[in-house]
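This briefing covers the pocket, the nonpolar cores and some selected residues of one protein model. Please have the sequence and the coordinates at hand while reading.

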Amino acid sequence: MRTFDPDSSIVSDIIPSPNHGERNKGRQADMIVLHYTGMPDVEGALARLCTAGTEVSAHYVVLEDGRIVQCVPEARRAWHAGVSSWAGEDDINSCSIGIEIVNRGHDWGYPEFPLRQIAAVIALCRGIMLRRKVPAHRVLGHSDVAPARKKDPGEKFPWHSLANSGVGHWVTPAPVVRGESLMLGTISDEVLSLQQALARYGYGVPLTGKYDAATMEVVTAFQRHFRPARLDGVADHSTLSTLQALLASLPADTTAIASK
């Protein structure tokens, strides 16, 4: 199988995947999507990502010891995000770089991410952000762009550590306190305002004013990334305040783009 030159100087190995194509409509990557492999071992994960017919791939795989494998050139469209959306776009594969982080995931015990692995993810992302002019708020998890289907990289992923190194968007989550909340079944203007705020940030959520199952899935995904202390899909004061703080700290032109 023909190989290629790595896009990053910190890549240790190239294991080419046949599962990729052209980016649609000449779209350039301006987003990074982080995943976990969600399989019992790295050998099985690499085999799945690099075998014809599996219909799945990623640009990079970050191993637990910090080694980085590149499987698809950044210029190509890897098949990592599946059915997904963000900020009005629904072909996330065409506008993103996909990074798989070796971790067994929720179905296999979900261990902590080793520090050496996170350091490698940060270094890799910083290089991609520089080369591709990826803004910090467009470094996302698979669960952000596919909240109904995915949990990865999950609530144990240290987004705050990445943000401290300039990778990803983060604010200190508001503390969880007792009080009124929006929850499944609620129909109100407050629910519509919540949905609009989530959509402004980028999440794909119906603007119905009803706190339905789809809204609950998006709120859970938001909590998994930005307020992992409690994952219940209930829009409590902590969730709402954290969302508003994130929106307030976005670059001035971002919400206009996200609301188109």
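The notes below go through the model by topic. The model is predicted, not experimental. A UniProt record, in an unreviewed entry, places the feature "domain: N-acetylmuramoyl-L-alanine amidase" at residues 17–154.

**Annotated span**
- Between the end C-alpha atoms of residues 17–154 the distance is 25 Å.

**Largest pocket**
- The volume of the largest pocket is about 450 Å³.
- Its lining consists of 23 residues, and those closest to the pocket centre are Tyr36, Thr37, Arg48, Lys150 and Asp152.
- At least two lining residues come from each of strand E3 (31–36) and helix H1 (42–49).
- H1 gives the largest share of the lining, with 3 residues.
- Sorted by class, the lining holds 8 charged, 8 polar and 7 nonpolar residues.

**Nonpolar cores**
- The largest nonpolar core contains 30 residues.
- Trp86, Leu194, Leu198, Tyr201, Tyr203 and Leu243 have the most contacts inside this core.
- Each of E3, helix H5 (189–201), helix H6 (213–226) and helix H7 (237–248) supplies at least two of the core residues.
- H5 provides the largest share of this core, 6 residues.
- Leaving aside residues up to four places away in sequence, Tyr203 is in contact with Trp86, Asp144, Leu198, Val218, Ala221, Phe222 and Phe226.
- As a general background, nonpolar side chains in soluble globular proteins tend to be buried together.

- Leu140 belongs to strand E8 (residues 139–141).
- Leu140 counts as buried because its relative accessible area is 1%, under the 20% cut-off.
- Beyond residues up to four places away in sequence, Leu140 touches Met31, Ile32, Val33, Leu34, Trp86, Val145 and Trp159.
- Leu140 and Met31 are separated by 109 residues in sequence, while their C-alpha atoms are 7.7 Å apart.
- Gln117 is a residue of helix H2 (residues 115–132).
- With a relative accessible area of 0%, Gln117 is under the 20% cut-off and therefore counts as buried.
- The contacts of Gln117, not counting residues up to four places away in sequence, are Val62, Leu63, Glu64, Gly66, Ile101 and Val102.

**Backbone geometry**
- Most peptide bonds are trans, and most residues other than glycine have a negative phi.
- The peptide bond that joins Asp152 and Pro153 is cis, with omega about 5°.
- Pro153 sits in the loop between helix H3 (142–145) and helix H4 (159–164), and Asp152 is one of the residues closest to the centre of the largest pocket.
- Glu55 is not a glycine, yet its phi is positive, near 60°.
- Glu55 is located in the loop between H1 and strand E4 (60–62).
- Since its relative accessible area of 54% is over the 50% cut-off, Glu55 counts as exposed.
- Lys133, also not a glycine, has a positive phi of about 55°.
- The loop between H2 and E8 holds Lys133.
- Lys133 counts as exposed because its relative accessible area, 70%, is over the 50% cut-off.

How values were computed: Residues numbered from 1 in each chain as written. Predicted model: local features only at pLDDT ≥ 70, side-chain atom pairs only at ≥ 80, totals over all residues. Heavy atoms only, no water. 1 Å grid on protein atoms, 1.4 Å probe; cavity = no way out; pocket = protein on both sides within 12 Å on 5 of 7 lines; lining within 4 Å. Points joined across faces, edges and corners; volume = space filled by probe spheres on them. Helix = DSSP H or I, 4+ residues; strand = E, 2+ residues; numbered from the N terminus. Nonpolar A, V, L, I, M, F, W, Y, C, P; charged D, E, K, R; others polar. Core = buried A, V, L, I, M, F, W, Y, C linked by side-chain atoms within 4.5 Å. Buried < 20%, exposed > 50% of the residue type's maximum accessible area, 1.4 Å probe, protein only. Contact = heavy atoms within 4.5 Å. UniProt positions renumbered as here; feature names shortened; annotations may be inferred.
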